[in-house]
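Dear colleague,

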Amino acid sequence: LVQLALAATKFERFMSQEPQASSELVSLRNQIDSLDRQLLELVNQRAHVAEQVGELKKKEGSAFFRPDRVAQVIEKIKSNNPGPLKGAHVAAIWREIMSACLALESPQRVAVLGPEGTFCEQAAVEYFGGAADLMYCNSFDEVFHATAAGSAQYGVVGVENSNEGVVTRSLDMFLHTPCHIVGEVSLLVRHNLLRQTQNAEGIEAVLAHPQALAQCQGWLAKHLPHAERRPVSSNAEGARLAATNPAWAGLASERAASQFGLHIVAHAIQDDAYNRTRFAIICLPDTLQTPPPSGKDCTSLIVSVPNRPGAVHDLLVPLKTHGVSMTRFESRPARTGQWEYYFYIDLDGHPAHPHVARALEELRSLCAFYKVLGTYPVSA
């Protein structure tokens, strides 16, 4: 028995040891270690320069976060990339470097839909980088209020899904808030079925945001026809609640599964494999003014017209006359009790371009109400 125990101990030690590396592998690893030290030194040098930039911005009173500048730097780096790294990977690396340097200048507080693990949080990280100071809110209403009140410098709100259309509450909030749109993120959304155990047996309720439930209704009808669909404030909140009850499941991201210690019972169960959601980046005009033209921009408006025959048709005439493309047209009740409507319009282009400016000027003259929600670069 003693000999068996000694043999077992030696075997465990042998299995726990890494196989002897070849001299060539050791040499390559040493090269990587040396390069890592050089990279770290260079990144810190960049950070020191960024701190100096931050001091100058404080004296000048200029904006700390300039998304157009971030985009320019990343595009320049990508164009000079000799490979083998892919352009998307280079962009992700530099966005994080710039985010960390910006945090030294002035940490950016960003309001998002919580709790941790939402797609809204993911969109914020993609836009601002991982060093942003995220403020978690219980609803998009709270995101708007926090941004308008200055509790957060920026907010991220869902505005449209490729399957379910617009997020109506966000459209309604745009009407009554001083915030404007300065950017957008188009996120590929994959919903996963999450729960405490590794199978789908005995699920009594599926908890998620109403949009997520709608986006997965075909899969749910086929695989969980008797489970209750229970709408909650966010997908991450559904995951959080699913972690408290073995009979509940959530529809959320892999990030949420990790956050709340849940198993992924089924991957990517949304009915549309290319399901995407647009998120708008909002802020007060004093925080950041309208970004300059990027070459591919969107201008968002809210308008209403007098209640007369042909009024809506007349809205389209200036756009056709000046060659401006309309990419979205939505109506929402004005809630006056008179069957009046506000129209939400997205136009292709920037007001800095003369033909867009002329079209907007003529369009405004036809409107009883006119508000520019923002002009911003279109998300790739």
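The largest cavity in this predicted model holds about 250 Å³ of space, where a cavity is a set of points, on a 1 Å grid over the protein atoms alone, at which a 1.4 Å probe fits but cannot get out, and where lining residues have an atom within 4 Å of a point. Volumes are the space filled by probe spheres set on the points, with grid points joined across faces, edges and corners. Of the 20 residues that line the largest cavity, Phe119, His209, Asn235, Thr277 and Phe279 are the closest to its centre, and the elements that contribute two or more lining residues are α5, β3 (154-161), α8 (210-215), α10 (235-242) and β11 (276-283). Helices (H or I, at least four residues) and strands (E, at least two) are DSSP runs numbered from the N terminus. By class the lining has 9 nonpolar, 10 polar and 1 charged residues, with Ala, Val, Leu, Ile, Met, Phe, Trp, Tyr, Cys and Pro counted as nonpolar, Asp, Glu, Lys and Arg as charged, and the others, Gly among them, as polar.

A search of the whole structure finds 3 cavities of 30 Å³ or more. At least two lining residues each come from α7 (168-176), β5 (180-188), β11 and β15 (369-377), with β11 giving the largest share, 3 residues.

On the conventions, residues are numbered from 1 along each chain as its sequence is written, and side-chain values use heavy atoms, with hydrogens and water left out. Local features need pLDDT of at least 70 and side-chain atom pairs count only at pLDDT 80 or more, whereas totals for chains, interfaces and linings use all residues.

The second largest pocket (an open set of grid points with protein on both sides within 12 Å along at least five of seven lines) has a volume of about 390 Å³. Among the 19 residues lining this pocket, Arg46, Lys57, Arg69, Met98 and Glu105 are the closest to its centre. Helix α4 gives the most to this lining, with 6 residues, and the lining as a whole divides into 12 nonpolar, 1 polar and 6 charged residues.

Met98 and Glu105 are among the buried residues of α4, buried meaning under 20% relative accessible area with a 1.4 Å probe and protein chains only. The buried residues of α4 pack against α2 (23-60), α3 (67-79) and α5 (119-128).

With best regards

Key
Buried means under 20% relative accessible area, exposed over 50%, partly exposed in between (1.4 Å probe, protein chains only). Contact means heavy atoms within 4.5 Å.
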